[in-house]
2 protein chains.
Amino acid sequence: MADKADKYVFGFEEADPADRDLLGGKGSGLARMMEMGLAVPHGFVITTAACRYFLEEGRMPPGFWSEVKSALAKIENQTGRSLGGVAGPPLLLSARSGARFSMPGMMDTVLNLGANQAVVSELARWSGDQRFAWDAYRRLLQTYGEVVLGANRDDFEHVMTSLRERRNVTEDSRLPTSDLVAAVRQFRMLLAAQDSEVPVDPMEQLRKAIVSVFESWNSPRAYTYRRLHDIPHHLGTACNIQMMVFGNLGVDSGTGVYFTRDPATGQHEMFGDYLPNAQGEDVVAGIRQTLPISVLADTHPEIHAELEAVGSSLEDAYSDMCDIEFTIEKGKLWILQTRVGKRSAAAAVRAAVEMVEEGLIDRQTALMRVEPGQLEQLLVHGIAEDKSPPPAFFGLDASPGAAMGKAVFDVRRAVEMAGEGTPVILVRWETTPDDIEGLFASEGILTSHGGKTSHAAVVARAMGTPAVTGAAEISIDAEQGHFTAPGGLRVREGETIAIDGTTGRVFIGEVELVEPSPPAELEMLLGWADEMRRLGVWANADTGKDAARAAELGAQGIGLARTEHMFMGDRLPVVRRIIMDEKPEKALLELQQLQAEDFIALLEAMDGKPVVVRLLDPPLHEFLPDRWDLRDQYDQLRAAGEPTAEVERTIEVVRSWEETNPMLGLRGVRLGIIRPSLYRVQIRAALQAIRRRVEEGGDPRLEIMVPLVADPAEMERVRDMLAEERAAYEVDREVKLGNMVEIPRAALMAGDLARISEFFSFGTNDLTQTTFGLSRDDAEVRFLNTYLADGVLSHNPFQSLDETGVGRLVEWATAEGKAVRPDLSVGLCGEHGGDPASIDFCHRVGLDYVSMSPPRIPGARLAAAQAAIRNGDIPLPRT
Amino acid sequence: MADKADKYVFGFEEADPADRDLLGGKGSGLARMMEMGLAVPHGFVITTAACRYFLEEGRMPPGFWSEVKSALAKIENQTGRSLGGVAGPPLLLSARSGARFSMPGMMDTVLNLGANQAVVSELARWSGDQRFAWDAYRRLLQTYGEVVLGANRDDFEHVMTSLRERRNVTEDSRLPTSDLVAAVRQFRMLLAAQDSEVPVDPMEQLRKAIVSVFESWNSPRAYTYRRLHDIPHHLGTACNIQMMVFGNLGVDSGTGVYFTRDPATGQHEMFGDYLPNAQGEDVVAGIRQTLPISVLADTHPEIHAELEAVGSSLEDAYSDMCDIEFTIEKGKLWILQTRVGKRSAAAAVRAAVEMVEEGLIDRQTALMRVEPGQLEQLLVHGIAEDKSPPPAFFGLDASPGAAMGKAVFDVRRAVEMAGEGTPVILVRWETTPDDIEGLFASEGILTSHGGKTSHAAVVARAMGTPAVTGAAEISIDAEQGHFTAPGGLRVREGETIAIDGTTGRVFIGEVELVEPSPPAELEMLLGWADEMRRLGVWANADTGKDAARAAELGAQGIGLARTEHMFMGDRLPVVRRIIMDEKPEKALLELQQLQAEDFIALLEAMDGKPVVVRLLDPPLHEFLPDRWDLRDQYDQLRAAGEPTAEVERTIEVVRSWEETNPMLGLRGVRLGIIRPSLYRVQIRAALQAIRRRVEEGGDPRLEIMVPLVADPAEMERVRDMLAEERAAYEVDREVKLGNMVEIPRAALMAGDLARISEFFSFGTNDLTQTTFGLSRDDAEVRFLNTYLADGVLSHNPFQSLDETGVGRLVEWATAEGKAVRPDLSVGLCGEHGGDPASIDFCHRVGLDYVSMSPPRIPGARLAAAQAAIRNGDIPLPRT
């Protein structure tokens, strides 16, 4: 059913600015400015309802064209100008698209509608400027030809280029009138050759332009844009018809764009570009060098003052920083468009805080103004563009921050070189858990395969290490120790490269890194956030260093300390001895001492705050060498006639630990029950650390978390182990015990688990994998990316929590757990803990805290506050 | 808190038989028989409450011993006999355990309490039989020594053996009195040597015997038995004290056990053993050859008639077949014990039906009397014990039925030999999906590893092929083509072996197989079941042959036809060509024709009934060769200097399809979306088959089921595919489309899925794996068995549906699906479909049908009826 309405066309002065659905963003802005009494060129808006009708029915609604005609007559009346120039100076019009949600550059615009051979003369007479009149006509032919008639843009450009070359000038504005007359002739011939022409009748021009704007809603690029930005396809666009004003009528004319505050820093001063004697599109085209907006203060002080006043009143009206387009026509200022200005993270923070200080907005509004995901950028290194070479190629922006170092292709080399103090960038096809030591040792990570949720990406984000993944253009030869960049450039081990994980850029050679310099206002903003949020913000951190960094960034505790990371590196031989059962007692004792040191460091950094230590989670074969590598080794030894017994034995052990589906195998608490010595060692190390911290006068609040729990009986076993060891170690400090909820059955048994567990922590990475029945490692390469591209899934459930599926389990488990044990503490420590949408969900379902990697903490504090504000759920002020 | 009561001791005549919790099974039976006026030797029962008190407090409750004394005085009064023989003929007593649930032989019994040197004389005088008196004393010393004093059983046996050898006799009953006197002396010396003795005071004997019975509740074997049979550990046992009567007082005496119906066939006639001039334990010990109970009709017709009357009144009282122990003492019949008799499956069926005909019980009771799991035994081959060698070793009873064939160790050989018409038994370490062709080709399967839910066991049960798994005593050398049985016997390829999957026995050499011969009453019983059940019973069947068998057994449809089994065998090369992309179009067409034939056969066998065809489910690498085998092949070729390019290419393809966690990878509907040609071919084959069956005048009701669905968008894709193909094939028959619910998210999204799907089928195998986050292949070997043995899990969730976890998802999804689409058909087609407990659950949560392998259908029909009866939910009679 087509969208019927009584009225499809509204003059700017009669439209209601609040009606953005019908008027679109641009139309609403124009109506509003008109209402404020600003000098907006007269015009009218054709509503999105007309567009929807047209797209569904293939024709305009009945009575539509007479509405347009009377609106047009009104403009003629208001301006004293006339379309076709028959009853006064000629009226030229623009037709611009303008949808509910901004889709910059995706749809059509036609300028100078109404020009033709006869109008040119009238125009010349009115303006006293022949050149201007022909230029206007030339511009109409060019944009109309391209946009409405579908001619090739390059053909027109080619004509203009020839003319410029003949005169040996670089700008169209330097072509004489005769050349523009020639351009008009050539353009018309060019169209005629395609059996096409721009109608002479101005009304006919306007009609076709409107149709063209509506049709551009369904252009492929517009369609794609909407899909990527979640904009519904049925909305349609409005179309704004507006009197043209001209900035190219001599030195008293000009055009410009300005921001009411600096979009890079947020500083409160006019910031923008001005181009004298030019039309708007010349600014955008970037052909002529623009002047800073401040020149107007000298050349046209009264206009400058007027602009400042306009900016100020627009900021008042929008309660936000604005981006304003204007034109000066023969000394008169016209405001063409305004919208809320895009800004950098730093500017967003500074502007938000200052607007509160200026009384423009309140704190809640300020908090809602900043995008939480952007904050991470403020805390990582960047690259000084002007002091660095251009990027050599691109990958995915997998983990933010810039890093520079020597390229290495092998984990062992990475560890070695890093040990010698050389910064390295690890370059791999993709990474696996076996590479973990190398990931730890590196300043940055570059992979040619794997997406934003690949192993490398996830681990890098967790560690706060910059990473660029999926740089598909390079080809890596790890054995030979080099990679080949696009263009054939070969980069060998030891050569310097740099990556920017914030943008996905990769540089070959030295760059200059820029220290993170968050704006001074950040602390204040986050302080307000802390007052408004109800969700706690904790950190995932495995080392004392990470924990200290997390505390600095405002973490209220450690929600996840992965003890297995402590099994890597130089401890791996000890761990392997345990697995391979070679004098395991001694190795276990050694491991206990090392692990106790780890815990002491964590407890020191987070003194007085909870530190949740997760017992060993991964399957043991992750600590063993790869069977295929061993097989190669065996083949080599055999070929060389050397003894193979040792390798054969290792192969046997590795084989005996192999599993068909390791994700669903012997790991987590299962391992703790089948091989209790491992969990006991970890528990003892924890108790030892607590004892030491107490002796040192500290306030250690260690909690023990059990991974992969599916049944309360598993928790009972660990509870008994803990009780036994506590008694043996004579530790009387409280040591809370809780479990991960990371497989569906734990969520389904939440009530029973809460009888034993004092806290839950949702491990939403694994919970997503098991609830969806998909292994991230396999899925991403094989079908998840295709699913996302084809729209089978609308979101990657590993980036944003799947609320309808996984979320339901989270909600149920939280409710059932708390019903049994009202003081049950419930958190979330998966990747999702740092995702603003997921944080909003966690707030809504009543979690107590979210835990994420340290760099995401500020964003999470902000997102938690936004969740409280959005859900009308701000805690009472703390007294 | 100990269990306090007013009264702990009850005479049989005053106890309430209904109070089984306090009296235990034996005590309740004795009280009941006393109430019925049967000749039960007088006695009293000490309640389970006393036992619980004793076990918790370490002493008997206050006043306990005086209660015992007055109960004893009452017996003396009733019998005219006296303990210690001081005031009349000597009273001897038995002390027997008797718990709420039967735990045969697990706890202590002491006989002839009250005997001592002085009493022997009195006893001899009363009985006129010196030998009897000494024998009674000898027996007391032996059992008391062993049971109460903990002496070694073998030491006593050694004494008796020496005596028998000296006299050159084989039975104790042939030893003269002097030898029994010698035995008594030697027994006392034997105990004295251990600083131990049987108290002389009869009351003291009794006291210690009672304590001993109570303590035996916590003996290790009793504990283990309870764990295996789910009997709570806190219940405790009652203790029955009863006057001894003697069957060894000459030809007028004797002892026996009999069933009121034949426990093997169910025939309604007295069936049992009688031993003249003997005590009860002699029957059990099996030293003397017993006589059939029918001899009594000749030797003691009046006793025989009395016994028959007792049996009849006990059957009336219990409304069931009874197992009765009796003793004849000097011509007087005493009834010692009765219980409901254990019976074979055939007997259970026949007796149940006949009891209805006799008016003893109603149909519902009859249906509740038969164990559904037993029915499968009636439909499979057995082994004629008497015409076969004894079993050589044992494994697990993984899939019921007996089979005989040539041993083979290699899948290819199995297929080859079976192709030549030679029956084979496949012998493997364990099986994998790669072995599927071999499993199909074999009569039976024997593995040395893997449990009852291992791959071999699951597949064998699904196919109805006998299997013995986990025969850990044998060692298999597949390369050399032999296995070594216990004792070192080597069995080579081609030698005949036989397995009995019903019992786990394995035979070397020829056996005689017995055809299944279900009793004639089975049909009648199942007919009643069909009238009472509400759940439909469908079959899992992949071939026309299986479908026909299923229809015979009463299947109302095919709930699961696995199309991938049709990809095996001689079709594997075609499938591999598709995967390896070698002229796939031709191969796809070929596959379509073959698959259409499969479907036609299924539709023919199930004409007019629903046939649910599941689209391809497993990952493609299951159809490819093993990478390790290929690597070996490569090494061999290389060593031989032959070209390796071909193998290398195959290795690359195999590698490209490998996954870290194949269970959670690219399979099911994901494959159908990423490689739509496979699903299209299957859909076309289905439509082709429907068209053909319609042309042939049939009534094809094919339904299409989509595996591994996690999101409604996946179903939309398949729905569109089906619609397109239907239009192309011009099929106007209804073709229902539904989805498996086998990953948690499908259950969580059930409401949305039901908007598209017309039916759901719970795939509880995979649903259990994903909900528990465990891979059955890995879990069973690595931790599940340990979990079960240690009691971390009380049940194997792959055998019986995990109601509290997985079941919750089943319940929610059923309710939500039916809320959206009230006529949604909901079934279950996992392994659990044939499990009676799971069937009860399916009934309770409102499923429409269960689907299982054909041999389990009769059991399922019965279990479904039992579920309806148990839940008070019998449908109204069909009119």
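Which side chains meet in a salt bridge of 2.6 Å, N to O? The side chains of Asp802(A) and Arg745(B) do so, a salt bridge being a side-chain nitrogen of Lys or Arg within 4 Å of a carboxyl oxygen of Asp or Glu. Asp802(A) lies in the loop between α31 and α32 of chain A and Arg745(B) in helix α28 (residues 744-748) of chain B, so the pair joins two chains. Helices (H or I, at least four residues) and strands (E, at least two) are DSSP runs, numbered from the N terminus. Both Asp802(A) and Arg745(B) are buried, where buried means under 20% relative accessible area, exposed over 50% and partly exposed in between (1.4 Å probe, protein chains only).

The model is predicted: local features need pLDDT of at least 70, side-chain atom pairs count only at pLDDT 80 or more, and totals for chains, interfaces and linings use all residues. Residues are numbered from 1 along each chain as its sequence is written, chains are lettered from A and ligands numbered from 1 in the order in which they are written, and side-chain values use heavy atoms, with hydrogens and water left out.

Between the chains, 53 residues of chain A are in contact (heavy atoms within 4.5 Å) with 53 residues of chain B. The two chains bury about 5,000 Å² between them, 54% of it on carbon and sulfur atoms; buried area is the accessible area (1.4 Å probe) that two parts lose on being put together, summed over both. Trp628(A), Leu664(A) and Arg782(A) supply 15% of the area that chain A buries against chain B, more than any other three residues. Ten salt bridges are counted between chain A and chain B. One of them pairs Arg631(B) with Asp635(A), whose closest N and O atoms are 2.4 Å apart.

Chain A can be laid on chain B with an RMSD of 0.3 Å by a turn of 179° and a shift of 0.2 Å along the axis, the copies being superposed by least squares on the C-alpha atoms of residues with pLDDT of at least 70 in both. The two copies are thus related as by a two-fold rotation axis. Of the interface residues of chain A, 100% are also interface residues in chain B, so the copies meet through the same surface.

Salt bridges also occur within a chain. Arg81(B) forms one with Glu329(B), at 3.2 Å between the closest N and O atoms. This pair links distant parts of the chain, 248 residues apart. Arg81(B) is buried at 11% relative accessible area, and Glu329(B) is buried at 8%.
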